[in-house]
Amino acid sequence: MVRLSDKTTTLLKNDILAILYESSLKPMYTSHIAEELRRDNEFVLKLLLELKKERLVKEVTKGKRGEYLARKKWIIPLEARQRMDVI
């Protein structure tokens, strides 16, 4: 597998944030984000987990009715959205 530079990885993370922000702030599955980026699901999950450590995305584990989801969904948390709106 080809090693990506830090600059490219940062650009991909920014693209993930843009996809989540433009999704009308609705949670999205990892596979849907990967499809938008045209990247592998595992690679996108790795980037999402890095963004989670930076507190830029949040993992959604429960549905609207309180049931646990079998697959992960991602959303931008309120505090990160507020920081993005300021920039």
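In this predicted model, helices α2 and α3 pack with their axes 9 Å apart and at an angle of about 105 degrees. Because an angle of 65 to 115 degrees counts as roughly perpendicular, α2 is roughly perpendicular to α3. On the α2 side the contact is made by Thr-30, Ser-31, Ile-33, Ala-34 and Leu-37, and on the α3 side by Asn-41, Val-44, Leu-45 and Leu-48.

**Packing of α1 against α3**

- Helices α1 and α3 also pack together, with 10 Å between their axes and an angle of about 85 degrees, and these two helices are therefore roughly perpendicular to each other.
- From α1, the residues that take part in this meeting are Thr-9, Leu-12, Lys-13, Ile-16 and Leu-17, while α3 brings Phe-43, Val-44, Leu-47, Leu-48, Glu-50 and Leu-51.

**The nonpolar core**

- The largest nonpolar core holds 19 residues, and those that touch the most other members are Ile-16, Leu-20, Ile-33, Val-44, Leu-48 and Val-57.
- Two or more residues of this core come from each of the elements α1 (6–22), α2 (30–37) and α3 (41–53).
- In soluble globular proteins, nonpolar side chains tend to be buried together.
- For Val-57, once its neighbours within four places in sequence are left aside, the contacts are with Leu-17, Leu-20, Leu-48, Leu-51, Lys-52, Trp-74, Ile-75 and Pro-77.

- Leu-12 is found in helix α1, and with a relative accessible area of 7% it is buried, because values under 20% count as buried.
- When neighbours within four places in sequence are left aside, Leu-12 is in contact with Leu-4, Leu-37, Arg-39, Phe-43 and Leu-47.
- Leu-12 and Asn-41 stand 29 residues apart along the chain, and their C-alpha atoms are separated by 13 Å.
- Thr-30 lies in helix α2 and is likewise buried, with a relative accessible area of 11%.
- Again leaving aside neighbours within four places in sequence, Thr-30 is in contact with Asn-41, Val-44, Leu-45 and Leu-48, and also with Lys-72 and Trp-74.

**Two loop residues with positive phi**

- Arg-38, which lies in the loop between α2 and α3, has a positive phi of about 60 degrees although it is not a glycine.
- Arg-38 has a relative accessible area of 78% and is therefore exposed, since values over 50% count as exposed.
- Arg-55 is placed in the loop between α3 and β2 (58–62), and although this residue is not a glycine, its phi is positive, at about 60 degrees.
- With a relative accessible area of 63%, Arg-55 is exposed.

**Aromatic rings**

- How many aromatic pairs does a search of the whole structure find? The search finds zero such pairs.
- The ring of Tyr-29 does have a residue over its face, namely Arg-71, which lies at 3.9 Å from the ring centre.

Terms used
Residues are numbered from 1 along each chain as its sequence is written. This is a predicted model: local features need pLDDT of at least 70, side-chain atom pairs count only at pLDDT 80 or more; totals for chains, interfaces and linings use all residues. Side-chain values use heavy atoms; hydrogens and water are left out. A nonpolar core is a set of buried Ala, Val, Leu, Ile, Met, Phe, Trp, Tyr and Cys residues joined through side-chain atoms within 4.5 Å. Buried means under 20% relative accessible area, exposed over 50%, partly exposed in between (1.4 Å probe, protein chains only). Helices (H or I, at least four residues) and strands (E, at least two) are DSSP runs, numbered from the N terminus. Contact means heavy atoms within 4.5 Å. Rings of Phe, Tyr and Trp (its six-membered ring) pair if their centres lie within 6.5 Å; planes under 30 degrees apart count as stacked, over 60 as edge-to-face and the rest as tilted. A charge sits over a ring if NZ of Lys or CZ of Arg is within 6 Å of the ring centre and within 35 degrees of the ring normal. Axes are lines fitted to C-alpha atoms, for helices over the stretch in contact, and angles run from 0 to 180 degrees between N-to-C directions. Angles under 35 degrees count as roughly parallel, over 145 as roughly antiparallel, 65 to 115 as roughly perpendicular and the rest as oblique.
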